[in-house]
Amino acid sequence: MEKRDFYEVLGVDKSVDDKALKSAYRKLAMKYHPDRNPGDDEAEAKFKEVSEAYDTLKDAQKRAAYDRFGHAAFQNGGGGGGAHGFGADFSSSMSDIFEDIFGDFMGGGGQRRGRNSQLRGSDLRYNLEIDLEEAYEGRTVEIDVPTMAECDTCTGTGAKPGTGFSTCGTCSGHGKVRAAQGFFTIERTCPQCHGRGETMDQPCTDCSGQGRRQENRNLSVDVPQGIEDGTRIRLSGEGEAGMRGGPSGDLYIFISIRPHELFQRDGADLFCRVPISMTTAALGGEFEVPGLDGSRARVKVPQGTQAGQRVRLKSKGMPVLRSSQVGDMYIQMDVETPQNLTKRQKELLQEFDDLSTKENNPSSNGFFSKIKSLFEGLADSK
């Protein structure tokens, strides 16, 4: 039986583009698929015919040969078209349907990647520890980062200077290979060219064909005023160079701030605990505290200051990141109990205690009065 024209089988004209060709094939393949027409020999024959037509016309080289010589192009081994049994047609054709439906989810289908579809370099992480003063003032820090940089010899191509690239013989430039396994066709990345569709004639001797080499890079990092512990700074394109000219990854600087000997930080506010003597707390006084900007601030201690009492120094804290605002400084008074007293000091304290009244210690007297009342209430209830 004489074969029908492949364009006629698919219901398209010779000027049809690849997209319309595939669309026409999909409709007919779904219509005549054996699973939808069990036991229908005529539908199975049409499915084979449609699959054979599409399998030829979807390939640019086969289509060109068919347009010139017709069916004769594949007779007597001319184009490998004699193996179009049901299994071969179904595996190849259904693979294209699967690729068309799920290609976007799998990274763009089975298109050849080529030399221009490079692999992006990895992102890098660098841990930078700074002082609280540096976070307050901001500064530029020089860092050395071990990374993969573009090979100067081959300018990132991976090929030896003066040589080029050839179409991969394993996948014929498609970047993927197919293997039939029973009813299905498995498509995977070409193991020879790793999906690029091309192989280099001679690899660069300095980078072994990677297009990049290990080296230390010196970079300047601008640490802004008010930066907080745990902040991440991103330097775009300063990560590892991509394979064979691929785009570079990014470098991420993770900031940690060393503990300060005087100050604790909470956002933009600073906290400082200052021990004062019992007499200073009772009689009042003053002292100075340093600021992170090198200035000094005088703190007045009111008479009768209690342990834990705070004094606020406005706008003496940390600058707010990317803002004109400044936090506050809080001075917490820690009243120190005298130690290692002499006999005379003990006598004076005892004399002071004997002269003390309820008004001198209102909090303690009030607390113990409540306890006394509680004990009396328990006694009366028994």
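Student: In this predicted model, what makes Pro161, Cys204, Asp206 and Arg213 contacts of Thr153?

Tutor: Contact means heavy atoms within 4.5 Å. Leaving aside neighbours within four places in sequence, Thr153 is in contact with Pro161, Cys204, Asp206 and Arg213.

Student: Where does Thr153 lie?

Tutor: In the loop between strand S2 (139-150) and strand S3 (165-167).

Student: Why is Thr153 called partly exposed?

Tutor: Its relative accessibility is 34%. Buried means under 20% and exposed over 50%. The value falls in between, so Thr153 counts as partly exposed.

Student: What joins the side chains of Thr153 and Asp206?

Tutor: A polar contact of 2.5 Å. The cut-off for such a pair of N or O atoms is 3.5 Å, so 2.5 Å qualifies. The C-alpha atoms of Thr153 and Asp206 are separated by 7.0 Å, with the residues 53 apart along the chain.

Student: Which elements have the lowest and the highest mean pLDDT?

Tutor: Helix H5 (residues 86-102) has the lowest, 44, and strand S9 (residues 251-257) the highest, 96. Over residues 77-117 the pLDDT is below 50, though this stretch has 78 contacts in the model beyond near neighbours in sequence. Where pLDDT is low, the predicted coordinates should not be read in detail.

Notes. Residues numbered from 1 in each chain as written. Predicted model: local features only at pLDDT ≥ 70, side-chain atom pairs only at ≥ 80, totals over all residues. Heavy atoms only, no water. Helix = DSSP H or I, 4+ residues; strand = E, 2+ residues; numbered from the N terminus. Buried < 20%, exposed > 50% of the residue type's maximum accessible area, 1.4 Å probe, protein only. Polar contact = N/O pair within 3.5 Å; in protein donor to acceptor, adjacent residues only side chain to side chain. pLDDT = per-residue confidence, 0-100.
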